[in-house]
Amino acid sequence: MDTDLLFQISTTEKFTEKALKTFRFQFENNPIYNTFCNHLDRNPRNVHSLQQIPYLPVEFFKSHKVVCGDFVPEIIFTSSGTTGAQTSKHEVHRLALYKKSFELGFHHFYGPTSDYCILALLPSYLEREGSSLIYMVSQLITSSKHPKSGFYLNDLNALKDTLLQLEATQTKTLLIGVSFALLDLAEQYPVALKNTIVMETGGMKGRRKELIREALHHPLKKAFGVPRIHSEYGMTELLSQAYSKGNGIFYTPPWMNVFIRDTEDPLSFIAEGKTGGLNIIDLANYYSCSFIATQDLGKLHPDGSFEVLGRFDHSDIRGCNLMVL
């Protein structure tokens with residue numbers, strides 16, 4: 001399949017068509033996914049809807065090579081983890097596919113990157129190698145072409161000065177940061193931002209106590225004088241991102257979709273408005289696995305938007321024991 005066609009999806013019917021074609025391709029070409037599906041007695045002969053497609057537990061990216069075919073990856077993204085902990089590895093066949101996904105995804109929700117000065121406060125990610133988030137933000141910074149766009153590691157004072165300069169010239173700005181670093185900035189250098197989108201990527205990375213969304217967003221809104229805090233939802237194992245423009249309500253680009261499963265039944269789907277595990281379809285993950293059962297708990301809304309409400313309270317997703325290799 002021409003992967004460029006994935007980014008031209010405009011209807012539910014087209015999404016379903018491409019998702020089923022992708023399922024067939026990955027069933028036939030991804031050995032890990034093929035074995036997983038066969039254990040569940042799911043295959044192209046009996047899978048005819050999105051609800052029948054099996055979702056691979058994200059934990060498999062920690063223990064197996066989740067790829068379609070035999071190729072030398074152009075890049076390998078790795079997840080963060082505590083010392084000694086096993087981390088996920090995502091071997092990316094084509095970097096151009098990832099770039100197209102995050103560039104078009106950002107444009108879908110926020111318009112051209114050239115409209116913004118992009119400031120990144122992502123110290124925990126910059127301090128290690130293999131972060132897909134750092135790669136994405138670095139490319140967005142480059143494509144913004146604004147002379148003041150860039151990363152800020154620990155120099156919060158310099159970041160504050162830059163924000164003030166951009167505000168003085170009424171420059172449209174995106175400040176994207178990991179949660180703990182944004183809280184540090186808010187506490188040390190509160191500054192009213194009228195032309196800046198403040199976007200958090202989640203995670204305290206062991207630097208602070210984990211907070212529910214309201215407890216995180218309230219001090220940020222107060223310190224920066226903004227009506228809402230935006231959020232980005234992505235992960236090492238995916239090549240697409242969902243975005244929230246406030247209140248933790250996320251929307252996906254047209255080539256990505258979210259369903260909710262019962263936490264006790266990996267093959268189930270539950271109704272809108274009820275809490276369960278997040279199942280994600282990311283068609284940009286064409287050469288890996290597009291159907292991922294995450295460790296996140298969430299809730300789906302009638303318009304297709306979703307909330308992220310927390311994590312499972314156990315390390316392995318129920319269903320991993322269906323396959324031992």
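An axis here is a line fitted to C-alpha atoms, for a helix over the stretch in contact. I note that this model is predicted.

**Helix 1 and helix 2**

I looked up helix 1 (residues 12–29) and helix 2 (residues 31–39). Their axes come within 6 Å and cross at roughly 100°. Angles of 65 to 115 degrees count as roughly perpendicular, so helix 1 is roughly perpendicular to helix 2. Next I listed the residues that meet. Helix 1 brings Phe23, Gln26, Phe27 and Asn29. Helix 2 brings Pro31, Tyr33, Asn34, Cys37 and Asn38. I sorted the residues of this contact by class and found 5 nonpolar, 4 polar and no charged.

**Helix 8 and helix 9**

I then turned to helix 8 (residues 179–188) and helix 9 (residues 213–224). They pack at an angle of about 35°, and their axes are 9 Å apart. The crossing of helix 8 and helix 9 is left-handed. From helix 8, I noted Ser179, Leu182, Leu183, Leu185 and Ala186. They meet Leu216, Pro219, Leu220, Ala223 and Phe224 in helix 9. By class, the contact of helix 8 with helix 9 has 9 nonpolar residues, 1 polar and no charged.

**Thr162**

My last entry is on one residue. Thr162 sits in helix 7 (residues 156–168). Is Thr162 buried or exposed? Its relative accessible area is 9%, so I put Thr162 down as buried. Which side chain makes a polar contact with the side chain of Thr162? I found that of Tyr152, at 2.8 Å. I also set aside the neighbours within four places in sequence. That leaves Thr162 in contact with Leu119, Lys148 and Tyr152.

Notes:
Residues numbered from 1 in each chain as written. Predicted model: local features only at pLDDT ≥ 70, side-chain atom pairs only at ≥ 80, totals over all residues. Heavy atoms only, no water. Axes fitted to C-alpha atoms, helices over the stretch in contact; angles between N-to-C directions. Helix = DSSP H or I, 4+ residues; strand = E, 2+ residues; numbered from the N terminus. Left-handed = near helix turned anticlockwise from the far one by under 90°. Contact = heavy atoms within 4.5 Å. Nonpolar A, V, L, I, M, F, W, Y, C, P; charged D, E, K, R; others polar. Parallel < 35°, antiparallel > 145°, perpendicular 65-115°, else oblique. Buried < 20%, exposed > 50% of the residue type's maximum accessible area, 1.4 Å probe, protein only. Polar contact = N/O pair within 3.5 Å; in protein donor to acceptor, adjacent residues only side chain to side chain.
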